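Here's a quick tour for anyone meeting this structure for the first time. Take a look, then read on.

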Amino acid sequence: MSVFGGLTGFVLRRVLGAVATLFALSVIVYVVFYAAPGNVAQITCGPRCSPEQVHQVAQQLRLDDPLHVRYWHFLEGLVVGHDYSTGTSVEHCPAPCLGVSYQSGRQVMSIITAKLPVSLSLVAGAMVLWLVLGVGTGVLSAWRRGRTSERLLTALTLAGTATPVFVIGLVLMIVVCGEFQWLPFPQYVNLTDDPEQWAWNLLLPWLSLALIEAAAFARLTRASMLETLAEDHIRTFRAYGVGERSVVGRHALRGALAPVIALNANNVGSAVGGAVLTETLFGLPGIGQELVHAVNVVDLPVVVGMVLVVGFFVVIANTVADVLFAVADRRVVLA
């Protein structure tokens with residue numbers, strides 16, 4: 001068997017594809033932000049910069065060099081780092097170097113690493129909830145097909161799909177925190193400081209983000225379950241007297257999970273987009289809120305760095321999902 005055959009070859013191809021995708025992403029991001037028409041140095045530095053500061057930024061970005069040389073310098077910073085002049089001294093930016101914020105003077109990577117735990121906490125917790133709620137609702141809807149409960153679940157799913165995340169978050173805050181005062185208004189607490197308060201303060205943001213995504217999972221799981229329940233081997237289990245709960249929970253659900261795994265990776269990207277609104281709505285100090293601030297003040301290095309980091313997580317999530325999909329359905333490896 002060749003090196004690219006079997007499951008190992010499949011994983012290797014997906015890893016190489018992820019590397020190629022990340023490289024293409026870096027090219028696109030660099031060209032869009034740093035090769036755009038206009039005074040890139042002025043845009044990067046900000047409207048309040050003096051001519052001397054704009055000139056310094058132009059030298060740091062090597063704007064007099066050809067585009068491919070500038071991109072190579074940018075790529076070099078991601079791999080080995082950069083040295084930046086602060087006017088009075090030289091500061092080293094270790095790899096992966098995403099530049100220096102011209103608003104705060106901090107290295108972009110340090111800004112991202114300070115905000116990343118908040119965003120990862122939000123997306124990871126919401127992902128657990130949307131999988132539990134979405135898959136559970138989809139299985140129950142398929143199991144109770146044609147009954148009143150199934151129609152009610154379908155209506156709730158459609159309502160969840162059509163409702164924006166900020167509307168759900170606002171309603172939850174008004175009802176849960178304001179009207180009934182079941183929970184305090186969310187204030188982020190570090191997981192290492194107090195795990196219980198960390199979870200309680202993120203519960204509403206988790207629900208706001210998860211309810212939107214759960215609707216898509218419920219619809220997909222229901223369709224996959226109905227298709228799987230109609231297959232011959234399921235009818236065979238029933239003919240041999242296997243209980244309905246065992247048929248649904250052990251046999252039909254396993255066959256219906258493969259497309260759910262693929263959708264989960266795609267939803268990571270949309271969840272990151274939803275996290276921007278969720279973090280802004282609940283005042284969570286994550287990447288989404290920092291990205292909005294960077295766009296407002298035209299802090300170009302921070303915007304570029306965060307776009308690359310978010311793209312990295314989306315590509316990695318899709319690669320992992322492809323591998324899990326192949327493990328769940330070995331026919332993918334042979335395709």
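Phenylalanine 166 is partly exposed, at 45% relative accessible area (buried means under 20%, exposed over 50% and partly exposed in between, with a 1.4 Å probe and protein chains only). You'll find phenylalanine 166 in helix H7; helices here are DSSP runs of H or I, at least four residues, numbered from the N terminus.

The whole structure holds 8 aromatic pairs: ring centres lie within 6.5 Å, and planes under 30 degrees apart count as stacked, over 60 as edge-to-face and the rest as tilted. One of them joins tyrosine 30 and tyrosine 71 edge-to-face, 5.7 Å centre to centre with 65° between the planes. Tyrosine 30 sits in helix H1 (residues 6-34) and tyrosine 71 in helix H4 (residues 67-80), so the pair ties together parts 41 residues apart in sequence.

Tyrosine 30 is buried at 5% relative accessibility, and tyrosine 71 is buried at 13%.

## About the model

This is a predicted model, where local features need pLDDT of at least 70, side-chain atom pairs need 80 or more, and totals for chains, interfaces and linings use all residues. Residues are numbered from 1 along each chain as its sequence is written, and side-chain values use heavy atoms, leaving out hydrogens and water.

Notes. Helices (H or I, at least four residues) and strands (E, at least two) are DSSP runs, numbered from the N terminus. Rings of Phe, Tyr and Trp (its six-membered ring) pair if their centres lie within 6.5 Å; planes under 30 degrees apart count as stacked, over 60 as edge-to-face and the rest as tilted.
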